[in-house]
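Please open the structure in your viewer and keep the selection panel at hand.

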Amino acid sequence: MKSILFNIGYFIKEAKTLFKINLLSNVFTIFSTGLILFILSMVISGWWISNEVVRVIEKESEINIYYDEGIVKDDALKLAEEIKGHEGVLEARIVKKEEALKRMEEILGKEAQVLEFFEDNPFSGFIEAKIDLNTIDSVIEDVEEMYGITYIRDNREVLDRLYSISKILRILGVIVVVAVGITTLFIISHIIRLGIYNNREEIRTLRLLGAPEGFIATPFLLEGVLLTIGGGALAIILSNLTLEHLFTMMVGPLPFIPLPPVESLKTGLVIITTLLSIFLGIAGGIFGLVSSKVK
Amino acid sequence: MIEGKSIYLRYPDGTMALKDINIDIKAGEMVYITGVSGSGKTSLLKLLMGIEFPTSGLLKILGQTMEKEEASNIRRLRLKLGPVFQEFRLIKGRTAIENVMLGMRFLNLTPSEIKRASHDAMEKVGLEHKLLTPVENLSFGESQRVAIARAVARKPSLILADEPTGNLDVDNAVNILELLESFKDINTSVIITTHATHLIKNSNYDKLIHINNGNIYCESLGCSI
């Protein structure tokens, strides 16, 4: 342990020397590892975003209950009160047709001018009910039976689709993580094996001088970590630029998609990619060392 | 320090390199192993360095039995040895002082102790002005001196030099042998193999072992150089 602490500077210097000896191979390794990790970070981002969308939609789970436009205001209020008293309904209030129009104008933003083509307000008033997602089926069943109710719009279909997308991305994420892991392990271990082969005489000399295997192996492990961290850094830069671009493209035309804050997504990706890089570097290094025994 | 009884060494290709070797070397002795090329002196030194193991017989160095099964103990034993290889085995791309320091990095010494010991060793071999020279830029003689500095900086109990004069002219060769002999002290034995017997005529050795065809042909005063 004491020997390792005293030699940290030496190990780093040796790792740099190993890197320089196979400079071109190592640079290519960094690029290929970077691109592989970039693909991984994009899949993770997709999964993250879909999860966030599901979470927001689940949190804001609500149904819009449309009633016969012929009923009087007092009856509509009574209907809202009755719905509010139902088990699983957290809140129920009437949204007037004017408010419905205003909401759509906010959602459409600059595009709201299309609404000016209508002579009258095309929206109807409705009862907006926030409900516990677990009771959505029974609530809808009971409310449909109520007098004056014409139509209920819920977001179950949207949620189901998002669940499916999220599930697919999760499975895809696991497959990509495994594929990336194995590919990176092979690439790194190959480079380490190459380094060990190129330095076999030095390794023999160190053994003849009595150097422990750990002392001999550490610079090679560091080289592996250096390569994957380099690849990870490249992946982080590429994914940050891509996410920035994608978010700018999505926020304008698709304002109703509840995207997570881009900064938290970027920070998360930096942490995940860095940890994964270090892990893959160490694992690849160990794999390379174990599979190339210099006699 | 070194005790060997009825040692035989047969290589995997069937060559019998050493036959019935008996040796006894005590602490602080200066020993030459001589013989023509292919006589078995390097094979004997390989046994002493733990590179090869006896096919039969018993070999003990500093109390450690030299057997293949004892690999981890033999690694620890190597920490007490100061090997000087025929082909130097210096690490390329590093300076002379880095090579000397490298031999000490796993001896549980502090960085300042390593630095001091390696500077002292380089001074002893007369290369204090070549500390930062890359080993590729050193002459044969200088490379051999760096290899010796790497061996002695470790303050070993046993210095083992394999044909240290092999690539050197007569003057340089004599200087190297005198230098190696100077490291012999009460705790440190020096064993040198050489085929150039004419270089050691005036040497102050304690023991001379002459090997011929894998056998000890004569020993000490029985040998006429």
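Select Asn64(A) first: this residue stands opposite Glu128(A) in β3(A). The two strands to display are β1 (residues 62–67) and β3 (residues 126–131) of chain A, which run antiparallel and are joined by four bridges. Strands here are DSSP runs of E with at least two residues, helices are runs of H or I with at least four, and both are numbered from the N terminus; two strands pair if DSSP finds at least two bridges between them.

The model is predicted, so local features need pLDDT of at least 70 and side-chain atom pairs count only at pLDDT 80 or more, while totals for chains, interfaces and linings use all residues. Residues are numbered from 1 along each chain as its sequence is written, chains are lettered from A and ligands numbered from 1 in the order in which they are written, and side-chain values use heavy atoms, with hydrogens and water left out.

**The sheet of chain A**

**Two cavities**

How many cavities of 30 Å³ or more does a search of the whole structure find? There are two. A cavity is a set of points on a 1 Å grid over the protein atoms alone where a 1.4 Å probe fits but cannot get out; a pocket is an open set with protein on both sides within 12 Å along at least five of seven lines, and lining residues have an atom within 4 Å of a point. Points are joined across faces, edges and corners, and a volume is the space filled by probe spheres set on them.

The largest cavity has a volume of about 130 Å³. Select Tyr10(A), Glu14(A), Glu202(A), Leu206(A) and Phe220(A), which lie nearest its centre among 14 lining residues. α9(A) gives the most to this lining, with four residues.

For the second largest cavity, of about 30 Å³, select α3 (23–59) and α10 (262–290) of chain A, the elements that each give two or more residues to its lining. Ser41(A) is one of the lining residues and lies in helix α3 of chain A. Ser41(A) counts as buried (under 20% relative accessible area; exposed is over 50%, partly exposed in between, with a 1.4 Å probe and protein chains only), because its relative accessibility is 2%. Beyond four places in sequence, Ser41(A) is in contact (heavy atoms within 4.5 Å) with Ala235(A), Ser239(A), Leu269(A) and Thr273(A).

**A pocket and a residue of chain B**

The second largest pocket holds about 990 Å³. Nearest its centre lie Leu208(A), Gly50(B), Ile51(B), Phe53(B) and Arg78(B), among 39 lining residues.

Finish at Ile33(B), in strand β3 (residues 30–34) of chain B. Ile33(B) is buried, at 1% relative accessible area. Residues that Ile33(B) touches include Lys41(B), Leu44(B), Ile191(B) and Ile211(B).
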